[in-house]
Amino acid sequence: MGCCGLFWTFNTRHILQLLQLVSLLFLTALDNGGCNSTTVGVDDIFIGVKTTAKNHQSRLQVLLKTWIPQAASTSYIFTDSEDAVLRKELGDHLVVTPCGATHSHAHLCCKTGWILEVLFKHMQNNVSRRDKWLCIVDDDNYVNLPILRQILSQASENKNASVYIGRPSTQDQVRLPPKYPLSYPDNGVEKYWFGTGGAGICMTTAAVTKLNSQLSKESGLSYSNKFVAMCDKLGVPDDMALGVAFEVLLGIKLTRSQKFHSHLEYLGSIRTPDQEATLSYSFPNTLAPNSLKRKQFSKDDDPTLFLSLHCTIYPSLSWCPR
C-alpha cells in the first residue's frame with residue numbers, strides 16, 4: 001500500500017472514532033436532559049414540607065434522618081405548633097403557621113398558602129437566593145433528590161418558563177367545581193388536570209410569580225389568606241386549587257410525571273423505588289422483594305422502609321448497614 005493509501009486509512013479510522021465520540025456525547029446530553037437543559041442543583045429548589053404537631057416525633061423524624069439534611073439550606077418545615085426541640089435543630093427553617101391541624105380543605109390550603117408566602121418573600125427580599133423551583137411535599141414523602149434534580153433539569157430548558165409538574169391521582173381530567181366563581185374568567189375550559197399533593201408538586205418560580213399575580217385579585221391581607229380565599233371560592237383542597245389556578249386561569253398545563261408517587265399507590269408495585277422522584281407509604285407497608293430489600297433494620301426501627309431506601313441510594317452513610 002502506498003503512502004496515500006496509508007494516509008487515507010489513518011484518517012478514515014480516526015474520523016470514525018471521532019464520529020463515535022461525538023455520537024456518545026450527544027446521547028449522554030440527551031440522557032441528561034438535552035443540550036439546552038439547565039442543571040438544577042439542590043440549592044435551586046425551595047422545598048416546603050407540610051406537617052402537623054402530632055407528626056413531629058414520628059413522620060418528620062424519618063425525613064430529618066434521611067433526605068432533608070441533604071437539602072437543609074432550602075427545606076422549610078411548615079407546621080401548626082411550636083416545638084422547642086425542632087426549633088433548636090431547624091432554626092428559622094421551622095415555620096409555625098396559624099393554620100389548624102386537621103386535614104380539612106381550609107387547613108391544607110392555609111399551609112400551602114404559607115409556603116407560597118414565605119417563598120415569595122424570599123424572592124422579594126433576598127436577591128442572593130437563586131430559587132428556580134418550588135416543590136411542596138407532605139411529611140410522609142421521601143424525596144429522592146438526585147432523581148428530582150434530573151427531572152427538573154430536563155424541564156428547565158428555558159429558565160424563565162412557567163412549568164407545573166406533578167402526577168394526577170385521577171384517570172381523567174376533572175370538571176371545574178360547581179362553585180367556579182363568575183368573577184373568574186371563562187376561558188372555555190371545562191376540565192383540568194391537577195398534581196395530587198400526596199405525591200409532591202413542583203413549579204418554577206416563574207409560575208409562582210404568575211400565581212401570585214392571580215392571587216393579588218383575591219381578598220385578604222397576605223398571600224396565604226388570598227390562597228385560602230381562592231380555595232374557599234372553589235370549594236376544593238389546595239392541590240386542586242393549584243390545578244385550577246395554573247391550568248384554567250393561567251394556561252400553564254400540568255407536566256405529568258410518572259416518577260411522583262403518593263400513599264395511594266402500593267409500594268410493592270414500584271419496581272425501581274430508588275429511581276423515582278418521590279415516594280410515600282401507607283400501612284401495612286411492604287415492598288415486593290424484587291423492588292427494595294429491607295436493610296438490616298428491624299421493622300420497628302424502619303416501619304416506613306425509608307431508612308432502607310435511603311441506604312440503597314446512599315450506601316456510604318455512616319449509619320447505613322454494611
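Which element gives the largest share of the lining of the largest pocket? Select α4, residues 105-125: the largest share, 3 residues, comes from α4. Helices here are DSSP runs of H or I with at least four residues, strands are runs of E with at least two, and both are numbered from the N terminus.

Before moving on, note that this is a predicted model, in which local features need pLDDT of at least 70, side-chain atom pairs count only at pLDDT 80 or more, and totals for chains, interfaces and linings use all residues. Residues are numbered from 1 along each chain as its sequence is written, and side-chain values use heavy atoms, with hydrogens and water left out.

**Stop 1: the pocket**

Stay with the largest pocket, which has a volume of about 680 Å³. A pocket is an open set of points on a 1 Å grid over the protein atoms alone, where a 1.4 Å probe fits and protein lies on both sides within 12 Å along at least five of seven lines; lining residues have an atom within 4 Å of a point. The volume is the space filled by probe spheres set on the points, which are joined across faces, edges and corners. Now show Arg 59, His 103, Asp 138, Asp 139 and Asp 140, the closest to the centre among the 32 lining residues.

**Stop 2: the sheet**

Next, colour the strands. Seven of them form an open sheet with mixed pairing, in the order β3-β2-β1-β4-β9-β6-β10; two strands pair if DSSP finds at least two bridges between them. Select β3 (94-96) and β10 (254-256): each stands at an edge with a single partner strand, so one side of each has no neighbour in the sheet.

Further in, β4 (133-138) and β9 (201-204) pair in the antiparallel sense over 4 bridges. Pick Trp 133 and you will find its bridge partner, Thr 204, in β9.

**Stop 3: two helices**

Finally, select α7 (223-234) and α8, whose axes come within 10 Å and cross at roughly 90°. Axes are lines fitted to C-alpha atoms, for helices over the stretch in contact, and angles run from 0 to 180 degrees between N-to-C directions. The two helices are therefore roughly perpendicular, a label for angles of 65 to 115 degrees. Show Phe 227 and Met 230 of α7 with Ala 241 and Leu 242 of α8, which are among the residues in contact, meaning heavy atoms within 4.5 Å.

Methods. Parallel < 35°, antiparallel > 145°, perpendicular 65-115°, else oblique.
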